[in-house]
Amino acid sequence: MAVFQYSSTKHGGVTVIHIGGSLDAETSPKFDSKIKGEIDKGARKIVCNMAHLDYIASAGLGVLIAANDILSKQGGEIRLSAMNEKIKKIFKLLGFIRLFKLFESDQKAIDSFKGL
Amino acid sequence: MAATPNNMTVVLPRLTSKLDLLRETIVDFLKGHDIDEGIISRIELSVYEAVVNIIEHSRPEYRDREINVECTMRDNEVLITVTNYGDNFDLTKADLPDIEKHYKSGKMRGLGIYFIRTLMDTVEYSHVDMISTLKMVKKI
């Protein structure tokens with residue numbers, strides 16, 4: 001059974017979620033439920049820390065795309081932080097590196113929301 | 001010490017819960033051949049997407065049919081052959097999404113084939129007597 005970790009914290013008006021382990025067809029429904037739960041509770045500016053994410057399949061990427069779409073219709077966005085090199089290479093190869101906004105750290109991603 | 005074999009086959013049921021084991025087995029095999037980690041992760045992901053595609057789109061009456069994944073080392077490439085009993089669906093002929101439009105549309109699904117055809121060097125498909133064979137090659 002694939003392992004997936006999720007936690008979230010509030011930093012002012014920004015929700016920072018940390019995901020780790022494997023984000024695949026088995027675990028993506030759990031991630032989808034968690035992130036939509038954050039949106040239902042009012043989160044609009046979300047930073048997704050991917051430092052401990054070992055694996056992301058199309059199902060996992062789809063959750064990020066769908067959640068970002070919901071947020072963008074409500075004036076919000078998901079921004080990604082601390083992506084490790086393995087995941088970054090896959091994002092580059094697939095072209096998603098230029099679609100999501102990536103930051104080196106949670107703090108830089110949080111700061112980027114100022115004014116939004 | 002025995003040499004690492006050049007060929008390995010995994011036979012698995014149509015259950016996504018078994019795909020961790022498939023991934024681990026493929027990665028261990030490729031690491032045994034000193035393949036670059038970036039190449040390994042591309043192959044790992046492509047095999048995963050190919051098998052998930054079979055599982056998610058197969059008819060209920062085929063659910064007891066196993067899927068075969070064969071990994072073969074060749075001179076300067078890795079050949080992955082995924083074989084299963086099922087309907088004809090040639091993913092090499094499917095339209096690929098424009099990822100910018102896909103991203104803007106907010107669609108959760110529909111990227112698996114794009115992953116496979118982007119991450120592997122060549123992808124070939126055949127369907128004979130209800131047996132689908134997907135051959136994916138990655139240069140090393």
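Contact here means heavy atoms within 4.5 Å of each other. Keep that in mind as we walk through this predicted model, in which local features need pLDDT of at least 70, side-chain atom pairs count only at pLDDT 80 or more, and totals for chains, interfaces and linings use all residues. Residues are numbered from 1 along each chain as its sequence is written, chains are lettered from A and ligands numbered from 1 in the order in which they are written, and side-chain values use heavy atoms, with hydrogens and water left out.

Let's start with chain A. Its five strands make an open sheet with the order E1-E2-E3-E4-E5, and the pairing is mixed. (Helices, H or I of at least four residues, and strands, E of at least two, are DSSP runs numbered from the N terminus; two strands pair if DSSP finds at least two bridges between them.) Strand E1 (4-11) and strand E5 (101-103) of chain A are at the edges with a single partner strand each, so one side of each has no neighbour in the sheet. From one strand to the next, the twist averages 25°. Look at strand E4 (residues 77-81) of chain A: E4(A) pairs with E5(A) in the parallel sense over three bridges, and Arg79(A) sits opposite Lys101(A) in E5(A). Across strand E3 (45-56) and E4 of chain A lies helix H3 (residues 85-94) of chain A, running at about 100° to E3(A). Such angles run from 0 to 180 degrees between N-to-C directions, with axes fitted as lines to C-alpha atoms, for helices over the stretch in contact.

Helix H1 (residues 28-40) and helix H2 (residues 58-72) of chain A pack at an angle of about 15°, with their axes 9 Å apart. H1(A) and H2(A) are therefore roughly parallel, a label for angles under 35 degrees. Among the residues that meet are Phe31(A) and Ile35(A) from H1(A), and Val63(A) and Leu64(A) from H2(A). By class, this contact has nine nonpolar, two polar and two charged residues. Ala, Val, Leu, Ile, Met, Phe, Trp, Tyr, Cys and Pro count as nonpolar, Asp, Glu, Lys and Arg as charged, and the others, Gly among them, as polar.

Now move to chain B. Here five strands form an open sheet in the order E1-E2-E3-E5-E4, with antiparallel pairing. The edge strands are E1 and strand E4 (122-128) of chain B, each pairing on one side only. Six bridges link strand E1 (residues 7-12) of chain B to E2(B), with Leu12(B) opposite Ile67(B). E2(B) also pairs with strand E3 (residues 77-85) of chain B over six bridges, and a hairpin of three residues joins E2(B) to E3(B). Why is strand E2 (residues 67-73) of chain B largely enclosed by the rest of the structure? Five of the seven residues of E2(B) are buried, so the rest of the structure largely encloses this strand. Buried means under 20% relative accessible area, exposed over 50%, and partly exposed in between (1.4 Å probe, protein chains only).

Most residues other than glycine have a negative phi. Yet phi of Asp34(B) is near 55°, a positive value; Asp34(B) is exposed, with a relative accessible area of 71%. Met130(B), in the loop between E4 and E5 of chain B, has a positive phi near 70° and is partly exposed at 25% relative accessibility.

Methods:
Angles under 35 degrees count as roughly parallel, over 145 as roughly antiparallel, 65 to 115 as roughly perpendicular and the rest as oblique.
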